[in-house]
Amino acid sequence: MKSRMLLNLSLLAALAVLGVIAYFEPGKKELAETPLTQVEIDEVDTLSLQQGDETIVLAKKDGRWWVSAPFSAPANDFRVRQLLEIAKTTSDASYPLEPEELAKFELDKPIASLTVGDAVLVFGGADPINMRRYVRIGDTLHLVRDDFSRHLTAQATDYVDKKLLPEDARIQEIALPEWKARLGQDGKWVFEPPQEGGETHIGDLLTNWQSARAIDVKHLDKTAEGQKLHIGLANGESVDFVIVQREPELLLVRQDYGLQYEVVGEPARRLLSLNPKPAETKAEEASPQSSPAPESPMEDGGAEEIEAD
């Protein structure tokens, strides 16, 4: 009896040791993650994205990213960062690539190629089993997890900053079609013609412009027609828009960029008026106060009448 107990205890101890070994896996070495490139993306100041015959060029100027081609406009830094980080994607596997193998991996007609610093990344098809994307860099084929293809196929306007004014814009002059105002040296706004409540509401209007953001941006290849809107900034720069449409969506064109900005909803209404009236909503129109519910025919003691055909 005593020997059986010792045997059970020995087996239990052995199982405990095996469990510890299985959990901690001593001696196991974690596989090092290998990025696609060794490019220091914080030091990159130019990158280009080739999509068929079109090339999108993004370049850094004075610390900010700009779309340099096919047009020139401030870029969305976050979107540019997403492109840059593709160069640091982990390579799950890599193989030597022979020229005659390009078609096999759809690299003869790539979906896009991305140039980041000195590295040129060419993106082909995807592995049908594990959906890893084929990427060619020089004479090497890489397989990577594909969570970035949408950035490679995005249009140039998708990389434009959708803010209507620069991030640090300080407005000192604004001229709408109906009136204009300028900040005087005494710190007071001068309106022409005078606007009732202008001094009270000008602060809100300026804040609305400084935070205004379009929901969509389109590239135009023709001159826009409409009323003019001018904004003068404290750094001496000017921002000029053409009001192409006021409703239902506000469409503003910056002719110098060749871009049309679409602003919708309440933010759009607040850009063209000093003190816009609150918008009427369908909920208000359908409120019980405005549309009382009809009385039940049974409440006045009558029966519901049904017309005979």
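Is Arg 81 buried, partly exposed or exposed? In this predicted model, where local features need pLDDT of at least 70, side-chain atom pairs count only at pLDDT 80 or more, and totals for chains, interfaces and linings use all residues, Arg 81 is partly exposed, with a relative accessible area of 32%. Here buried stands for under 20% relative accessible area and exposed for over 50%, with partly exposed in between (1.4 Å probe, protein chains only). Residues are numbered from 1 along each chain as its sequence is written, and side-chain values use heavy atoms, with hydrogens and water left out.

A salt bridge is counted when a side-chain nitrogen of Lys or Arg is within 4 Å of a carboxyl oxygen of Asp or Glu. Helices (H or I, at least four residues) and strands (E, at least two) are DSSP runs, numbered from the N terminus. Asp 42 is exposed, at a relative accessible area of 57%. Together with Glu 85, Asp 42 and Arg 81 are linked in a network of salt bridges.

The structure holds 13 salt bridges. One of them joins Asp 77 to Arg 64, with 3.9 Å between the closest N and O atoms. This pair, too, links distant parts of the chain, with Asp 77 in helix H2 and Arg 64 in strand E3 (residues 64-69), 13 residues apart. Asp 77 is partly exposed at 35% relative accessibility, and Arg 64 is also partly exposed, at 28%. A further salt bridge connects Asp 256 with Arg 254 (2.6 Å, N to O). In that pair, Asp 256 is exposed at 53% relative accessibility, whereas Arg 254 is buried at 7%.

Attention now turns to the nonpolar residues. A nonpolar core is a set of buried Ala, Val, Leu, Ile, Met, Phe, Trp, Tyr and Cys residues joined through side-chain atoms within 4.5 Å. The largest such core has 66 residues, of which Leu 58, Ile 174 and Trp 209 touch the most other members. Leaving aside neighbours within four places in sequence, Trp 209 is in contact (heavy atoms within 4.5 Å) with residues including Leu 164, Ile 174, Phe 241 and Leu 271. A second, separate core of seven residues includes Leu 97, Phe 105, Leu 107 and Val 122.
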